[in-house]
Amino acid sequence: METRLADMQLCTLILNSLNECILGKQSEIERLMIAVLAGGHVLLEDVPGTGKTQLVKALARTIGGQFRRIQCNPDLLPTDITGVSIYHPKQEQFIFRPGPVMTNVLLADEINRATTKTQSALLEAMEEGHVTVDGDTYMLPAPFILLATQNPIDFEGTYSLPEAQLDRFMMKLTLGYPNEADEQRMILARESGHPSDRLEQITSIEDIERIQHQVQAVHIDDAVGNYLIQLVRATRSHQHVLLGASPRAAIALSRAAKASAFLAQRTFVTPDDIKQLAPYVLSHRLLLHTDARMNGLRSEDIIAEVLEKTKVPVRLER
């Protein structure tokens with residue numbers, strides 16, 4: 001119990017540190033932390049200059065571990081990510097030279113600028129935690145967390161992420177513009193350098209891995225688990241949805257809900273944990289019919305409707 005309380009306090013310190021670096025984004029930072037504790041990958045989609053890359057760098061600095069960054073562009077090759085086998089004349093054999101994917105925290109900046117072939121190099125790493133090069137499989141460091149950014153309005157020189165890859169991201173988050181007061185504080189804070197440069201490491205990647213195991217032990221009642229399943233299945237039968245949420249989405253929502261409960265210092269998941277996270281875990285996985293998109297309908301609207309119509313389990317105390 002003491003270890004659990006200490007880990008919860010550690011998470012609070014990390015959140016406070018990130019909130020000092022990225023102003024006015026407490027909710028978004030908490031969701032990012034939930035994904036990290038759940039062992040999931042995150043897609044940060046927003047216009048340039050909103051702090052996406054700085055948030056990832058700040059997170060990597062506070063939790064320690066190995067950190068690598070890939071600046072995606074159309075010239076990037078799959079081997080630039082996974083690594084390549086190079087022939088060594090003296091040893092008369094091929095030697096594997098690891099790529100940047102061999103790390104704990106990987107930032108794929110502007111991931112939609114990489115070609116679909118290069119994007120697919122991340123599929124195996126995101127799902128199985130290893131990469132295959134020239135027929136040999138190499139395990140990634142544990143834990144492995146991919147944090148990718150993309151610009152939603154820049155279409156020139158970009159490639160849409162395929163559904164198979166979107167489904168591997170636990171969450172899709174948007175930071176948005178800060179309010180006027182936070183933007184003013186941001187400008188004043190820059191007079192003495194960028195706040196992320198003053199961040200110190202708070203914990204180790206080994207501590208994060210231990211907390212991830214504790215998160216897995218958080219309890220989900222059968223009624224709450226059934227509520228989660230009904231939400232996911234409702235997206236598949238919706239009249240405006242061509243491709244609904246997958247079983248992988250249900251697992252991701254379950255893991256995220258456990259992490260949310262852990263941060264709230266609970267040993268069990270509540271329906272509210274699921275309701276609050278469902279839009280961020282499920283929306284990017286839905287593919288709507290063409291006529292629905294042309295009428296301005298969004299995936300977030302479908303999730304909101306499903307949440308409203310799905311009956312929430314209520315426990316009656318005697």
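I kept in mind throughout that the model is predicted.

**Entry 1: aromatic rings**

I began with the rings, since a pair of them is described by the distance of the centres and the angle of the planes. My search of the whole structure turned up 2 aromatic pairs. In one of them, Y87 and F94 have ring centres 5.3 Å apart and planes at 65°, so I noted the pair as edge-to-face. I then looked up how open these two residues are. Y87 is partly exposed, at 42% relative accessible area, while F94 is exposed, at 59%.

The other pair is F96 with Y138, and I logged it as stacked, with 3.8 Å from centre to centre and 10° between the planes. I liked this one for what it links: F96 sits in strand β4 (residues 93–98) and Y138 in strand β7 (residues 136–139), distant parts of the chain that are 42 residues apart. F96 counts as buried at 17% relative accessibility, and Y138 counts as partly exposed at 22%.

While on the subject of rings, I also checked for charges over them. R266 lies over the face of F268, 5.8 Å from the ring centre.

Next I picked V133, which belongs to strand β6 (residues 130–133). Its relative accessible area is 6%, so I wrote it down as buried. What does V133 touch beyond four places in sequence? I found T82, G83, V84, S85, F96 and Y138, and the last two are the partners of the stacked pair. I also looked up the C-alpha distance from V133 to V84: they are 6.8 Å apart in space and 49 residues apart in sequence.

In soluble globular proteins, nonpolar side chains tend to be buried together. I looked for such groups here. The largest nonpolar core has 69 residues, and L37, M171, I274 and L282 have the most contacts inside it. Which helix gives the most to this core? Helix α11 (residues 247–263) does, with 10 residues.

**Entry 2: cysteines**

How many disulfides does the structure hold? I counted 0. C11 is buried, with a relative accessibility of 0%.

I looked up T53 in helix α3 (residues 52–63). Its relative accessibility is 17%, so T53 counts as buried. Setting aside neighbours within four places, T53 is in contact with R69, L107, D109 and T149.

Then I turned to Q150 in strand β8 (residues 145–150). Q150 is buried as well, at 9% relative accessible area. Its side chain makes a polar contact of 2.6 Å with the side chain of E45. Beyond its neighbours within four places, the contacts I listed for Q150 include L43, D46, K52, E110 and L161.

Most residues other than glycine have a negative phi, and most peptide bonds are trans. I went looking for exceptions. The peptide bond from A142 to P143 is cis, with omega near -5°, and P143 lies in the loop between β7 and β8.

I also noted E110, one of the contacts of Q150, as having a positive phi, near 55°. E110 belongs to the loop between β5 (105–109) and α5 (116–119), and it is partly exposed at 27% relative accessibility. D134 likewise has a positive phi near 55°. I placed D134 in the loop between β6 and β7, where it is exposed at 61% relative accessible area.

Terms used: Residues numbered from 1 in each chain as written. Predicted model: local features only at pLDDT ≥ 70, side-chain atom pairs only at ≥ 80, totals over all residues. Heavy atoms only, no water. Phe/Tyr/Trp six-rings, centres within 6.5 Å; stacked < 30°, edge-to-face > 60°. Buried < 20%, exposed > 50% of the residue type's maximum accessible area, 1.4 Å probe, protein only. Helix = DSSP H or I, 4+ residues; strand = E, 2+ residues; numbered from the N terminus. Lys NZ or Arg CZ within 6 Å of the ring centre and 35° of its normal. Contact = heavy atoms within 4.5 Å. Core = buried A, V, L, I, M, F, W, Y, C linked by side-chain atoms within 4.5 Å. Disulfide = S-S within 2.5 Å. Polar contact = N/O pair within 3.5 Å; in protein donor to acceptor, adjacent residues only side chain to side chain.
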